[in-house]
Amino acid sequence: MFNLRMINFKAVDQVEKYLLEMGVDIHGVKIMAPKALFQCIQLDEVPIKIAHILKQEMLSIGGEAAVARGVVDSSVALTSVLLMGTHRDYKKLIKKLKMQPFKLPELARHIGVLIQNTQNQLEPLKVGQYTLPIDERTIVMGILNLTPDSFSDGGKFFDAGRAVDHALKMVEEGADIIDVGAESTRPGHTPVEAEEELQRLIPVLERLLKEVHVPISVDTYKAATAQKVLDMGVHIINDIWGLQRDYGLADVAAAYGAPVIIMHNQNGTEYDNFMGEVIAFLRKSIQIAEAAGIASDKIIIDPGIGFGKTLEHNLEIMDRLDELKTLGKTILLGTSRKSMIGRVLDLPVEERVEGTAATVALGIARGASIIRIHDVKEMVRVCKMMDAMVRR
């Protein structure tokens with residue numbers, strides 16, 4: 001009959017292209033496209049007087065705003081607010097908020113930035129003499145552990161020669177970056193001082209920087225370690241504590257113009273507002289990086305699968321990964337062989353390739369642009385297939 005179906009759009013330019021292909025008039029396209037994209041925006045700890053204004057303004061333009069029941073009778077001081085509307089609605093809301101008191105013009109600016117972040121195309125990432133085309137395809141980061149106690153391959157590449165051979169093999173299989181770590185970060189690991197970390201790193205890095213022709217990343221949260229390896233010529237710093245363990249690390253990376261990967265992490269697994277707290281942590285890390293002088297386009301975010309999270313937390317992040325797009329940064333996902341996969345499939349580390357592939361595929365569909373993995377050959381194939389489907 002009429003071949004009814006649902007259409008799901010991801011961006012306004014996608015809507016515009018679709019309407020033009022239908023033969024819709026160009027003037028109509030510009031008017032209608034912002035109406036086709038519906039999004040929800042949540043605000044936390046909003047004073048009730050501001051919550052009232054937001055609800056009234058959203059209702060007046062045809063949108064909606066959900067608030068706690070206690071806002072009506074003023075029995076609460078703060079509330080979360082869930083705004084629900086199209087891009088056209090938010091444009092109208094921004095215009096209205098700019099004329100309001102209570103710092104609402106600043107809120108209007110933040111809403112505008114958030115909307116823009118979800119629509120922006122990522123630019124290629126400049127890393128020293130290399131350019132990573134994250135706007136075109138998924139970037140593969142191969143893991144090289146120089147630790148005797150890594151959860152996945154502890155001790156296997158502790159020897160410098162074997163480590164370099166493995167890095168060369170990963171590059172041959174399609175790795176775009178080699179990420180080198182010299183301190184295990186598995187649960188219950190024993191921390192090492194910067195001096196010991198460098199003793200493990202330096203002999204391998206000296207060879208990698210000569211023999212491996214892709215960017216080299218070092219996994220460290222210590223400013224002293226970062227200073228030395230960047231001076232050697234390392235290209236990227238990957239900090240599992242998001243620049244919030246050693247605040248000097250941001251200054252070091254900025255001085256060398258190096259990209260940083262900032263990961264969410266915390267001690268313990270207690271949260272009041274899980275995804276809200278993950279995003280708040282990453283937003284603080286971004287602010288630390290930018291305040292130190294790290295270029296905005298050289299900040300990469302990682303939700304930290306397996307760090308300070310339960311199995312349910314990890315599964316929730318996988319399902320809601322696209323919420324991180326609101327921060328406007330390149331998203332890196334590291335799920336390779338992790339306990340989340342082992343617990344779901346009840347399999348040991350060496351049998352988690354298929355589970356890793358599932359997480360990589362979903363991660364790419366949800367917005368990850370870089371994946372950090374052990375099994376390069378297999379995951380490069382997964383990436384190519386996913387890119388063909390979702391990066392058209």
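In which helix is Gln119 found? Gln119 is found in helix α5, residues 104–119. Helices (H or I, at least four residues) and strands (E, at least two) are DSSP runs, numbered from the N terminus. The model is predicted: local features need pLDDT of at least 70, side-chain atom pairs count only at pLDDT 80 or more, and totals for chains, interfaces and linings use all residues. Residues are numbered from 1 along each chain as its sequence is written, and side-chain values use heavy atoms, with hydrogens and water left out.

Gln119 has a relative accessible area of 19% and is therefore buried. Here buried means under 20% relative accessible area, exposed over 50%, and partly exposed in between (1.4 Å probe, protein chains only). Neighbours within four places in sequence were left aside for the contacts of Gln119, which are with Lys10, Ala11, Val12, Leu37 and His87. Contact means heavy atoms within 4.5 Å.

With neighbours within four places in sequence set aside, Ile48 is in contact with Val71, Ser74, Val76, Ala77 and Leu78. Ile48 and Met389 are 341 residues apart along the chain, and their C-alpha atoms are separated by 44 Å.

The nonpolar interior was considered next. In soluble globular proteins, nonpolar side chains tend to be buried together. A nonpolar core is a set of buried Ala, Val, Leu, Ile, Met, Phe, Trp, Tyr and Cys residues joined through side-chain atoms within 4.5 Å. The largest such core has 71 residues. Those with the most contacts inside it are Leu144, Ile178, Val180, Leu205 and Leu208. Helix α10, residues 274–292, gives the most to this core, with 9 residues. Another core lies apart from it and has 24 residues, including Ala65, Leu107, Ile111 and Ile115. Leu208 is in contact with Leu144, Val164, Ala167, Val180 and Ile216, leaving aside neighbours within four places in sequence.

Leu208 also takes part in the packing of two helices: Ala160, Gly161, Ala163, Val164, Ala167 and Leu168 in α6 meet Pro203, Val204, Arg207, Leu208 and Glu211 in α7. By class, this contact has 8 nonpolar, 1 polar and 2 charged residues. Ala, Val, Leu, Ile, Met, Phe, Trp, Tyr, Cys and Pro count as nonpolar, Asp, Glu, Lys and Arg as charged, and the others, Gly among them, as polar. The axes of α6 (residues 160–173) and α7 come within 9 Å and cross at roughly 35 degrees. Axes are lines fitted to C-alpha atoms, for helices over the stretch in contact, and angles run from 0 to 180 degrees between N-to-C directions. The crossing of α6 and α7 is right-handed. A crossing is right-handed if the near helix is turned clockwise from the far one by less than a right angle, and left-handed if anticlockwise.

Charged side chains were then paired. A salt bridge is a side-chain nitrogen of Lys or Arg within 4 Å of a carboxyl oxygen of Asp or Glu. By this rule the count comes to 19 salt bridges. One of them joins Lys30 and Glu16, at 3.4 Å from N to O. Lys30 in helix α2 (residues 26–32) and Glu16 in helix α1 (residues 12–22) are 14 residues apart, and the pair links distant parts of the chain. Lys30 has 51% relative accessibility and so counts as exposed.

Lys96 forms a salt bridge with Glu57, with the closest N and O atoms 3.5 Å apart. This pair also links distant parts of the chain: Lys96 is in helix α4 (residues 87–97) and Glu57 in helix α3 (residues 48–60), 39 residues apart. Lys96 counts as partly exposed because its relative accessibility is 27%. Glu57, at 13%, counts as buried.

In a further salt bridge, the side chains of Glu183 and Lys222 meet at 2.5 Å, N to O. Glu183 lies in the loop between β7 (177–181) and α7 (194–211), and Lys222 in the loop between β8 (216–219) and α8 (223–232), so the pair ties together parts that are 39 residues apart in sequence. Both Glu183 and Lys222 are buried. A network of salt bridges links Asp179, Asp219 and Arg372.
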